[in-house]
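Dear colleague,

Please find the structure below.

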Amino acid sequence: MTLRRLIPLLALAGSVLLAACGGSDSSSEAATEASTTPGQARVEIGKVRSAIDDALASLKQGDRAAAGEAIAEGYVEHFEKVEGPLEKADPELKEKLEDSISTDLRDKIKSGASRADVEQLATSIRANLDNAERKLK
């Protein structure tokens with residue numbers, strides 16, 4: 001990989017890390033996650049689905065960077081608010097969704113996996129989000 005291609009990837013990785021860290025104190029973020037109600041978590045699940053849809057639309061247009069950013073934002077801004085209530089309802093499902101969104105889906109997008117492979121994983125994630133929604137009622 002050339003330095004010219006590596007620099008934008010490093011910049012993107014840095015911005016995702018900064019977004020994940022945020023400017024607030026981690027104990028207040030943990031308190032916010034823990035105070036999310038199951039109803040609020042279901043709303044956030046809808047926003048995660050929208051982020052996945054945005055990522056797939058970006059991927060269809062050939063913009064893998066935008067697709068990766070959409071997933072990162074969907075995870076950091078929305079799925080993290082689902083984690084507390086879902087941990088109480090089904091810890092295994094929470095872990096599975098956490099890994100599949102934050103790692104697996106982003107890795108497929110970044111690695112240049114085919115659109116069909118990314119869409120297949122997105123379909124599986126959506127099914128798990130549906131399951132999470134049912135468990136949070």
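The exposed residues A116, Q120 and R134 lie on the face of α6 turned away from its buried side; exposed means over 50% relative accessible area, buried under 20%, and partly exposed in between (1.4 Å probe, protein chains only). The model is predicted, so local features need pLDDT of at least 70 and side-chain atom pairs count only at pLDDT 80 or more, while totals for chains, interfaces and linings use all residues; pLDDT is the predictor's confidence in each residue, from 0 to 100. Residues are numbered from 1 along each chain as its sequence is written, and side-chain values use heavy atoms, with hydrogens and water left out.

The buried residues of α6 are V118, L121, A122, I125, N128, L129 and A132. Seen down the helix axis, they fall within an arc of 125° and so line one face of α6; the arc is that of the directions from the axis to the C-beta atoms. Their cover includes α3 (38-60), α4 (64-89) and α5 (91-111).

The largest nonpolar core has 28 residues, and I52, F79, L97, I101, L105 and I125 have the most contacts inside it. Such a core is a set of buried Ala, Val, Leu, Ile, Met, Phe, Trp, Tyr and Cys residues joined through side-chain atoms within 4.5 Å. Two or more residues come from each of α3, α4, α5 and α6, with α4 giving the most, eight residues.

The chain averages a pLDDT of 85, and 75% of the residues score at least 70. Over residues 17-28, however, the pLDDT is below 50. Where pLDDT is low, the predicted coordinates should not be read in detail.

With kind regards

Definitions and conventions:
Helix = DSSP H or I, 4+ residues; strand = E, 2+ residues; numbered from the N terminus. Contact = heavy atoms within 4.5 Å.
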